[in-house]
Amino acid sequence: MVAQKTTDLVIKRVFDAPREAVWKAWTDPESMKKWWGPENFTCPTAKLDVRVGGKMLLCMRDPDGNDYWSTGIFQEIVPYEKLVFTDSFADAEGNVVPASHYGMSGIPMELLVTITFEDLGGKTRMTLIHSGFPEGEHKDGARDGWSTSLEKLEKSLMV
């Protein structure tokens, strides 16, 4: 029996901040602008309609001024415990576009992100599962991007 390769990217991290603060970083647009995107990227736009069926539209800007838009729809929300949303590349108006729009290939049109928040008595264990990536460079790149984004999130919680 051959084990099937997983397409889930799983990142676990403990933040030295209360669960409510980590939740707010994910659900408040102004908070998200402080940390969304890999190292050296900024987030000039974050629109979040945090309700089941609500949309998000996020922009990551690289150091050269190139914008990379993403959109998603909230699938499940359990306040302070769980967020589930779709994840797709988008244009500035929020229309889903293929990865080729940004010069990439081999990434599905829609991925799924599940984030859980666990209270550790003043600290928070966050588990992020980004599902649907094919094995290889894009999954590795996403892991690197999430890791540096979460470092920025950690710094934003210290302010």
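Colleague: In which loop is Tyr 80 found?

Modeller: Tyr 80 is found in the loop between S4 and S5, and its phi is positive, at about 70 degrees, although Tyr 80 is not a glycine. Please keep in mind throughout that this is a predicted model.

Colleague: Why is Tyr 80 called partly exposed?

Modeller: The relative accessibility of Tyr 80 is 36%, and the class called partly exposed lies between the buried limit of under 20% and the exposed limit of over 50%; Tyr 80 therefore counts as partly exposed.

Colleague: What makes Asn 40 exposed, and where is Asn 40 found?

Modeller: Asn 40 is found in the loop between helix H2 (29–33) and S2. Its relative accessibility is 58%, and exposed means over 50%, so Asn 40 counts as exposed. Asn 40 also has a positive phi of about 70 degrees without being a glycine.

Colleague: How do you know whether Met 104 is buried or partly exposed?

Modeller: Met 104 lies in the loop between S5 and S6 and has a relative accessibility of 25%. Since buried means under 20% and exposed means over 50%, Met 104 counts as partly exposed.

Colleague: Which residues does Met 104 touch, leaving out those up to four places away in sequence?

Modeller: With those left out, Met 104 touches Phe 89, Ala 99 and His 138, where contact means heavy atoms within 4.5 Å. Met 104 and Thr 7, which are 97 residues apart in sequence, are 18 Å apart in space, C-alpha to C-alpha.

Colleague: Turning to the sheet, in what order do the 7 strands run, and what makes S1 and S2 edge strands?

Modeller: The strands form an open sheet in the order S1-S7-S6-S5-S4-S3-S2, with antiparallel pairing. Strand S1 (9–15) and strand S2 (42–48) are called edge strands on the ground that each pairs on one side only. Neighbouring strands of this sheet are turned by 20 degrees against each other on average, with direction ignored.

Colleague: How do you know that S6 and S7 pair?

Modeller: Two strands pair if there are at least two bridges between them; strand S6 (residues 111–119) and strand S7 (residues 124–131) pair over 8 bridges, in the antiparallel sense. Asp 119 stands opposite Thr 124 in S7.

Colleague: Which strands do H1 and H3 touch as they pack on the sheet?

Modeller: H1 touches S1, S2, S4, S5, S6 and S7, and its direction makes about 160 degrees with that of S6. H3 touches S1 and S7, and its direction makes about 15 degrees with that of S1.

Colleague: What volume does the largest pocket have, and what makes a space a pocket and not a cavity?

Modeller: The largest pocket has a volume of about 610 Å³. A pocket is an open set of points, whereas in a cavity a 1.4 Å probe fits but cannot get out. Of the 26 residues that line the largest pocket, the closest to its centre are Met 60, Phe 89, Phe 133, Gly 141 and Ala 142. H3 provides the largest share of this lining, 7 residues, and by class the lining of the largest pocket divides into 15 nonpolar, 8 polar and 3 charged residues.

Colleague: Which element gives the most to the lining of the second largest pocket?

Modeller: H1 gives the most, with 3 residues, to the lining of a pocket that holds about 160 Å³ of space. Its lining residues include Lys 24, Lys 34 and Ser 156, and the classes come to 4 nonpolar, 2 polar and 2 charged.

Colleague: How many cavities of 30 Å³ or more does the search find, and what lines the largest cavity?

Modeller: The search of the whole structure finds 1 cavity of that size, and the largest cavity has a volume of about 50 Å³. Among the residues lining the largest cavity are Trp 36, Met 56, Phe 85 and Trp 146, while strand S3 (55–61), S4 and S5 are the elements that give two or more residues to its lining. By class, the lining of the largest cavity has 6 nonpolar, 4 polar and 1 charged.

Notes
Residues numbered from 1 in each chain as written. Predicted model: local features only at pLDDT ≥ 70, side-chain atom pairs only at ≥ 80, totals over all residues. Heavy atoms only, no water. 1 Å grid on protein atoms, 1.4 Å probe; cavity = no way out; pocket = protein on both sides within 12 Å on 5 of 7 lines; lining within 4 Å. Points joined across faces, edges and corners; volume = space filled by probe spheres on them. Helix = DSSP H or I, 4+ residues; strand = E, 2+ residues; numbered from the N terminus. Nonpolar A, V, L, I, M, F, W, Y, C, P; charged D, E, K, R; others polar. Axes fitted to C-alpha atoms, helices over the stretch in contact; angles between N-to-C directions. Buried < 20%, exposed > 50% of the residue type's maximum accessible area, 1.4 Å probe, protein only.
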